[in-house]
Amino acid sequence: MIPAPRLLWADDVDGWHLLLFEHAPGREADLTPGSPHISAVVNAVAAISVPCPWAEAPSVTVKVAALLRQAEMFMAESPAEYARYGPLVKALDLDEFNGTVLLHADLHAGNLLVDGDRC
């Protein structure tokens with residue numbers, strides 16, 4: 001199992017961080033209940049949830065903190081949204097995101113490819 005295609009190129013252009021990866025065969029995972037892809041996805045996520053061998057791997061807390069700041073700015077523009085989600089955002093403890101495993105911060109069917117019975 002390959003958890004991610006190899007990164008071929010990266011650059012920052014006009015405020016965008018561009019990444020070019022090698023081609024990964026497969027199609028989008030079907031995550032509907034009863035799908036045969038579910039077990040492959042669960043196994044793949046479990047496989048990337050092992051202690052991180054790279055001491056310099058970036059902490060996900062930086063990304064989560066940025067997302068929280070964005071959420072607070074968005075909610076400040078909408079009192080109804082702030083009333084609904086503000087307490088949840090403020091209750092998040094970034095220390096809970098520290099650890100020694102890699103974290104896929106955007107886990108959805110579009111970011112999961114299956115090829116046969118492999119994810």
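I began with Ser35, whose side chain reaches the backbone oxygen of Asp30 at 2.7 Å. I count a polar contact as a pair of N or O atoms within 3.5 Å; within protein, one must be able to donate a hydrogen and the other to accept it, and residues adjacent in sequence count only if both atoms are side-chain atoms. I placed Ser35 in the loop between β3 (27-28) and α1 (37-48). Ser35 counts as buried because its relative accessibility is 9% (buried is under 20% relative accessible area, exposed over 50%, partly exposed in between, with a 1.4 Å probe and protein chains only).

The model is predicted: local features need pLDDT of at least 70, side-chain atom pairs count only at pLDDT 80 or more, and totals for chains, interfaces and linings use all residues. Residues are numbered from 1 along each chain as its sequence is written, and side-chain values use heavy atoms, with hydrogens and water left out.

Next, the fold. I found 3 helices and 4 strands, in the order β-β-β-α-α-α-β along the sequence. These are DSSP runs numbered from the N terminus: helices are H or I of at least four residues, strands E of at least two. Buried residues are 15% of the 119 in the chain. Of the contacts (heavy atoms within 4.5 Å) with a separation of 6 or more, 57% join residues 24 or more positions apart.

Then the surface. The chain exposes about 9200 Å², with 61% supplied by carbon and sulfur atoms; areas come from the Shrake-Rupley method with a 1.4 Å probe, and for residues only the protein chains shown count as cover. I looked up Leu18 in strand β2. Leu18 is partly exposed, at 32% relative accessibility.
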